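Here are my notes on the model, point by point. Please read them with the structure open.

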Amino acid sequence: MDAYTTNEPIYALATPYAPSAIAIVRTSGDGVINLIANVFSRKEKLIKAKSNTLVHGCLVDQAGDSVDEVVLAVYREGHGYTGEEAIEINAHGSLTGLKRIFSLLESIGIKQAKKGEFTYRAFMHGRLDLTQAEAVEELISSKSVRGQASALERLEGGLKSRLLKIKSSLVEMLASLEVQLDYAEDEILEDWVMPREEINNIIKALEEMIRTYSAGTIYREGAKIVLAGSTNAGKSSLFNLLTKEDRAIVSPIAGTTRDYIEAYTTIMDIPVRLFDTAGLRDSDDVIESEGIKRSERLIDESDLVILLISPGEEEHITWKTKTIVVKSKNDLEKRDGLAISTLSGEGIGALIERIHEELLNGCDNSESGAISIDSERQRDLLVKLVEMLRFILSNENESVDIMALFFQSALSILGEITGEVTNEEILDTLFSKFCLGK
Amino acid sequence: MRDYDIIVIGGGHAGIEAASAAARQGFDTLMITQSLDAIGRLSCNPAIGGLAKGNLVREIDALGGVMGHLIDDTFIQFRILNKRRGPAVQAPRAQADKFSYSRLAKETLEKTPHLSLFMDTVTNLLIENGKCIGVVTERGWNISAKAVVLTTGTFMNGRIFIGEYDAPCGRLGEMAAIGLGDNLRRLGFTVGRMKTGTPARVRKSSLDFDELEIQDGDEEIIPFSFENEEIIRAQLPCYVTWTNDETHKIIRDNIHRSPLYGGKIVGKGPRYCPSIEDKVVRFPERERHQIFVEPEGNGTEEMYLNGLSSSLPEEVQHKFIRTLPGLRHCEIMRPAYAVEYDYLDPTGLYPSLESKLLENLFVAGQTNGTSGYEEAAAQGLMAGINAALKLRGEEPLVLKRTEAYIGVLIDDLVTKGTKEPYRMFTSRAEYRLSLRHDNADLRLTRLAYEKHSASLERLERLNDKIQKMDMLKSVIKSYKERGKNGLDLLKEPEVDMAYLESRVDKIKDFSLSVKREVELDIKYAGYLKRQETEASKFDRSEKILIPEDINYDAIDGLSSESREKFKLIKPTNVGQAMRISGVRVSDVALLMMYIKTRSQNGFTT
C-alpha cells in the first residue's frame, strides 16, 4: 500500500495550480535540503543555511540548464509547518515552469504528496497549532480524490484502456518469470526468454502516449474563455462572479468596459484565462470601437465564448469559435434554455458545468490525457517506465530472480498510475496461464 | 489422568513441531492423536522441501524445530532446485523414506523430555470464562491444560471421495474425527470446507523401467538442518513419464463421474496442484502432462505418481494410468482419492496463532486452510512456541515478512485469510532475496534462542559461522588482481568462489556453507541493500502498535468498509492494518492519527 508517511521527501504546490506571478512549492522530509542542494546553483550556501532563512539562486536540471530563478525558504527539522526538514520554493508561477520544477523534484527522489499529507505530517510531529479535526477533514475529503486507483479513474477512456493493456502484458511477463521461481526446472522445462518484441511494442506505445502528453494542448496550458454579448448584457457581473473578485467595474450604463480585462480562475480544475470584453455594438466612441475590434480578435483566438443575451435580445453569432449562449438577467425575465442571474446566482452552477463539458468536448480526450497536475506526473512516470524497460532489454543475461526484480520495478512505476499490482494478482495470472502441479 | 500445561491435538507435521516446541521449553505437554502409528505420516507426496517450502524447513530448523533433522536422517534422494535460475531462489528438496520418516518422528517425540503421547480422539474443548482449559475425548476423558494447540489436518469431518464412493476418513482407511468440527461451529468459529487430493500408488516391480526417464539426485548434499555439517548417503532415483491423447480421452469421457465435477465436493481445491482431470479440462491444448514416479521408501514397492492426483472412479483410474509409458502393466496398490475436510478461517487468529474467539487456544496447520507438510510444521512450531511463551507471560514470537517465509505465511493467513489451500510460493515473499534457505540461521536462530526455542548449542554454532564468514571475507579482501580486491572481483559475473579458491589456498579451509553464504552475500550486495531499505521502511509501520482495546467506532471519518475490516481482523500494528485487502490509504492515516492522539492523552499504546 502506498501509505501516508512521515519523513520521506515529498513535495506539493501550495498555491493554486494556475498561472500567477509567484508560486510556492513546498517540500518536506529527511534530507530535502541536501537533495535540493544537488540541483541548486548555490549548493554550499544552501547546505549551510540556517533554519528560517532565505537563499536566492537557480534550480538547475541534470543537464545543467536553469529551470527557474527561485528563493528558497529553509527550515531545519523542528521548525517548518510539518516539523520536518523542509524547503519552500518560491518560484515563478508559469505552468510550464512549475511542471519543470515538479519533474526536477521527482528526478531527485522527492515524491508528490498525497492530499492532506503535509497536514498529516504536521499532526504526527506534534505541531500543536493544528487541530486534529483539520487534518481529519483533509483526509476524509481526500477519499473522493485519492481513493485506490483514483488516478486511473481520472484518466480519459482511451488512455486508461491502453495503460491497462500494458499493465496486463507486464503482469503476464512477470508471471512467466515468477512461475520459474515458484516451480522447479523439472516442472517448468522451458527457460524464460525475454519477450523482446512485446517489450519493444510497449515502449513504442508508451512513447506515443508521452508525445501526446507533451503536445501542449489548451488543456495543459489552460483554456481561454471570452465573455461576449451586447453592451450591458451582464458580462462584467458574470466575470466577477466566475473570478470571485471585483475586478471589472460594473454599472448599469452600457459600454462600461471599453477595453478587455482578463483574470485567471479555474473552472472545475481546469485553469482558465477569462476575458471580459467590451460590448459588441457599433459605437462612435473611438476608444470603445477600438475595444470592440480587440474583442473580436480575442474571440477568434479563444477556445470558448460565452455569449450573454439580455432579455428581449436576439442571438447573433458572427464568429467560428465554439459558443455557449446564455440568457442573462434571468431575474428580470424568465426564459427557456441556459439562463442565469448573477444577482440571485441562479443557473451559475449549470453554466459552470456546461463550460467544463464544452472544454472537454473541445479536444480528442483520448489523446490529451488528464487535465490536472497529475498528468505531468503521469508523463514523468511513463518516461521512467520506458527507461526501465530499456534497461531490462539491455540486461538480458541477468538471472531470473533478478530479472523478476526488474519487472517488479517496472510494474511499481506503472502502479502509481494504474494502482498497485498485488502478489495475488501475479499468482492468479500465473495459475490461469500455466498448467502446474505435479 | 493427570493434567498438563499444554495439550496438542494431532500428531501430524504441525502437531509434532507444536508438541516438541512446547516440551522443549520445559512445559508438561501432551500430544493426543487418533493413531500413534500415524505420527508424522506423509499422507501425500514422499518429499520434503521444494521452492519456498525448502526455505520453510530450514527456517523451522533455525528456530529449533525438528523437521530438518527428520528429513536429513531419512531422505533417499536430495536435490537443489532451480540451480540455473538464480542463487537467491534456489531451494532444497528431498525424497523421504516415508516409513522411516514417520517412525523417526514418533521416536523423536518419545525421547523428548516433558512430552507425553496418548491415543484418543478429541471431540470437544473444555471452556471456562471464555478461555480454553482443556479437551474432552471420545473415550470420555476430560483433560485440562493451560493452553491447547489444535492441529487436526484433514481429519476434522474428513471425507474421502473416489468416483461415486465416499467415506468418512481423514486418509484412506483412517477414520475421520467426528464431532469436534460441529462443536467448534457451535462455539462460533467460522468453519469452512477445503479439498485436496492424492494420486495412486503403483507397484515398483510391475513398471516398465525401460520406458521411463531417470531423474537422479544431486551429488552434493546440503543438509536441511544447520546442525548437520555433511551427509553422505546412497540415493534412489525418481522417474519421469508423460500422459498422452489416450489418457486425456479416457479422462474426458468419464469426467461426469468425478465428484468434483458432479458437485459432490463443495470444498475449494488448490489451483497450483490440480487433479489430472482439472489439468485436462482447463488446458485442453496441452498434448501431454509430465508425471513423476517417486519411490515411497527403501523397504517398500509402492511408487507415488506425482502429477496424477484424481478423484475419478477406480476402474477409470486403472484405465487411464495404464496408458502412460512405463505404467502400461502396472499394478495399482492404492487408488487416488480426494479428501474434503473442515478448516477454520485463519483470520480468526492473532499473528501468534492464538484464537481471537477463545483465549489459550492456538490453531496450526491444515486446520488453518494451508496445504503442505512444511507449511503445517512451520505453523505448528510457532503455535507451540507461542503457547509456551503465553504460559511464561512473555510476548509472542511473531516473525515479520522481512525476516522469514514463516512470517509471510502467517501474516497472509491471519490478515487476508485464504480461499484455497494456501501454499507457500517465493512470489508471496516481497523480500525473497534476503530470505534465502542458506541464511535462515543468520536470520532466526538468535531470535529463537531469546524465545527459549533454540538451544545454546545452536546459538554457538551460529556465532562460529558468523565469525568464519568474517574471516573468509577478510581473506578474500586481501587478494588482489587487476588492481581490484577479491570482494570486488567476486561481484563480477564471471568470477565465483571456486575461481578465487583456485587462486587463494586459504579459502579451502572454510566449510561449504560458509563459502556459499559469503559468495551470495557479496554477489547480491547491491540488490540486498536495496531490499534492506525497502524492508526498513516496511518495519517502521510494523512498529506502530495498535492498542488491543481500540474502539474503531470512535475514530472520526473512517470509511465503513475499513471500519468493519479493522474490527474483524483486529490488526496488531499499522503495517498489518495496511495489508488488509480493500482498506484505504487515508483510513490507515486516520488510524495512525487516532493512535497518536491517544498516546498524547496518556493512554497506553
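1. A caution on the annotations comes before the first site. UniProt positions are given here in the numbering used for this structure, feature names are shortened, and annotations may be inferred rather than shown by experiment. The model itself is predicted. With that in mind, the unreviewed UniProt entry places the annotation "binding site" on Ser236(A) and Thr257(A).

2. Where does Ser236(A) sit? Ser236(A) is part of helix α10 of chain A, residues 235-243. Is Ser236(A) buried or exposed? The cut-off for buried is 20 or more other C-beta atoms within 10 Å. Ser236(A) has 23, so it counts as buried.

3. Chain A as a whole has 16 helices and eleven strands. Of its 438 residues, 38% count as buried. Take the contacts in chain A between residues at least 6 apart in sequence: 60% of them join residues at least 24 apart.

4. The unreviewed UniProt entry gives "binding site" for Gly10(B), Gly11(B), Gly12(B), His13(B), Ala14(B) and Gly15(B). Gly10(B) lies in the loop between β1 (4-9) and α1 (13-24) of chain B. Gly11(B) is found in the loop between β1 and α1 of chain B.

5. Are these two glycines buried or exposed? Gly10(B) is buried, with 31 other C-beta atoms within 10 Å. Gly11(B) is buried as well, with 29. Now set aside residues up to four places away in sequence. Gly10(B) then touches Gly15(B), Thr33(B), Thr151(B), Thr152(B) and Gly153(B). On the same terms, Gly11(B) contacts Ile16(B), Met31(B), Thr33(B), Ala38(B) and Ile39(B).

6. How many residues does each chain bring to the contact? Chain B gives 43 residues and chain A gives 39. On the chain B side, β18 (290-295), α17 (525-542) and α20 (585-600) each supply at least two residues. The largest share, nine residues, comes from α20(B). By type, the chain B side divides into 19 nonpolar, 15 polar and nine charged residues.

7. Helix α10 of chain B, residues 373-392, passes a simple length check. At 1.5 Å a residue, its 20 residues should span 28 Å, and its end C-alpha atoms are 28 Å apart, which agrees. α10(B) is mostly covered, with 16 of its 20 residues buried. Gly393(B) follows α10(B) and has a positive phi, near 80 degrees.

8. Val414(B) belongs to helix α11 of chain B, residues 405-416. Val414(B) is buried, with 25 other C-beta atoms within 10 Å. Which residues does Val414(B) contact, leaving aside its neighbours within four places in sequence? They are Pro346(B), Thr347(B), Leu349(B), Tyr350(B) and Pro351(B). Leu357(B) is 57 residues from Val414(B) in sequence, and the two are 13 Å apart in space, C-alpha to C-alpha.

9. Two asparagines deserve a look at the backbone. Asn129(B) is not a glycine, yet its phi is positive, about 50 degrees. Asn129(B) lies in the loop between β7 (122-128) and β8 (131-137) of chain B. Asn129(B) counts as exposed, with 6 C-beta neighbours inside 10 Å. Asn157(B) also has a positive phi, near 50 degrees. Asn157(B) sits in the loop between β9 (142-150) and β10 (159-162) of chain B. With 23 C-beta neighbours inside 10 Å, Asn157(B) counts as buried.

10. Ile80(B) stands opposite Pro92(B) in β5(B).

Technical notes
Residues numbered from 1 in each chain as written. Chains lettered and ligands numbered in written order. Predicted model: local features only at pLDDT ≥ 70, side-chain atom pairs only at ≥ 80, totals over all residues. Contact = placed C-beta atoms within 7 Å. Helix = DSSP H or I, 4+ residues; strand = E, 2+ residues; numbered from the N terminus. Nonpolar A, V, L, I, M, F, W, Y, C, P; charged D, E, K, R; others polar. Expected span 1.5 Å × (residues − 1). Buried ≥ 20, exposed ≤ 12 C-beta atoms within 10 Å, placed from the backbone. Pairing = 2+ DSSP bridges.
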